[in-house]
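Welcome! Please take a moment with the sequence and the 3D view, and then we can walk through one part of the fold together.

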Amino acid sequence: MLIAFDIGNTNIVAAVFEEKNLIKQWRIASDARRTGDEYTSVLLTLLRDADVDIKKINRAIISSVVPDLIGPFVTVAQRVSSAKPYILSSALSLSGPLPVHLPKGSTHELGTDLLCNAVAAWQLFKGANIVVDFGTALTLTVTDSKGIIQGVTISPGLRTAIHALASNTAQLPVVPLEAPPSSLGCTTKEAIQAGVVLGYKGLVEYLISRVKEDLYKVSGDKGDCVQVVATGGLNSVLKPITESFTVVDKELTLKGLCEIADFVHC
């Protein structure tokens, strides 16, 4: 069995795979102040409560966008598996066994979470695609029909925007991330929801349209042939109010990690 760690700025997702099947996953708050021993104690409890036999976990892989948490999770991985973990690096997108890669000679930067998304989306579509990831940041990762990752957009995430308003103003509260009944907000709550939720609907739809246009210029891939997959914990906020997504898959990043583990034989 494989244990995979997707370490983000807000949450750490730990998942156990048997072959290609995701059998268990847990979400833990990211906290660079916690030690590997503390995280190990938490994870061992979660594994035990889920009746996962840690003796069967013989592979481990780590993707992290928080450098300070890589070391602690190397400790965690070694405690719960019988193997040294594979630490995913964005350098793997420049050369290696993956089916997707950055342009040859590229100086592009790519987070490991976005690389996981691109790999999983390629395995899903085997063609040009856009991954819209609703996390702490809202990202679009664009891959052409040859498997070349052509670029990324990064915006503040929905919750990040809501909390930025509340923390930088005296009277604006944190409100639920729900679509309001109208863009004409009659209360402070509805006004913020109109600005953020409906505003982000427009942002996402425009960016998808724009990157399709730009992708056509560099690769010749027509927009109607480009598939769009949404992932991340907050995709459910926009899913009911937009028709932009071909597929919604909340486990896309984890599935990409699992695929990469097979490609690198960790």
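Leaving aside its neighbours within four places in sequence, which residues is arginine 59 in contact with?

## Arginine 59 and its surroundings

Keep in mind as you look that this is a predicted model. Arginine 59 is in contact with Met1, Leu2, Ile3, Ser81, Ala261, Asp262 and Cys266, once its neighbours within four places in sequence are set aside. With one of these, aspartate 262, the contact is polar: the two side chains meet at 3.1 Å.

Arginine 59 belongs to strand S4, which covers residues 59–64.

## The partners of S4

S4 pairs with S1 in the parallel sense, over 6 bridges. In this pairing, isoleucine 61 of S4 has alanine 4 opposite it.

S4 also pairs with S5, again in the parallel sense, over 2 bridges. Here isoleucine 62 stands opposite isoleucine 87 of S5. Together with helix H2, the strands S4 and S5 make a right-handed β-α-β unit.

## Helix H2

Helix H2 (70–80) has Pro72, Phe73, Val74, Val76, Ala77 and Val80 as its buried residues. Their cover includes the strands S1, S2, S4 and S5 (86–87), as well as helix H1.

## Helix H1

Helix H1 runs through residues 36–49.

Gly36, Tyr39, Thr40, Leu43 and Leu47 are buried in H1. Why can these be said to line one face of the helix? Seen down the axis of H1, the buried residues fall within an arc of 100 degrees, so they line one face. Their cover includes strands S1 (2–7), S2 (11–18) and S3 (21–29), along with helix H2.

Turn to the face of H1 directed away from the buried side, and you will find the exposed residues Arg48 and Asp49. Just after H1 comes aspartate 51, with a positive phi of about 60 degrees.

Note on methods
Residues numbered from 1 in each chain as written. Predicted model: local features only at pLDDT ≥ 70, side-chain atom pairs only at ≥ 80, totals over all residues. Heavy atoms only, no water. Helix = DSSP H or I, 4+ residues; strand = E, 2+ residues; numbered from the N terminus. Polar contact = N/O pair within 3.5 Å; in protein donor to acceptor, adjacent residues only side chain to side chain. Contact = heavy atoms within 4.5 Å. Expected span 1.5 Å × (residues − 1). Buried < 20%, exposed > 50% of the residue type's maximum accessible area, 1.4 Å probe, protein only. Arc of directions from axis to C-beta. Pairing = 2+ DSSP bridges. Right-handed = clockwise from strand over helix to strand, strands pointing away.
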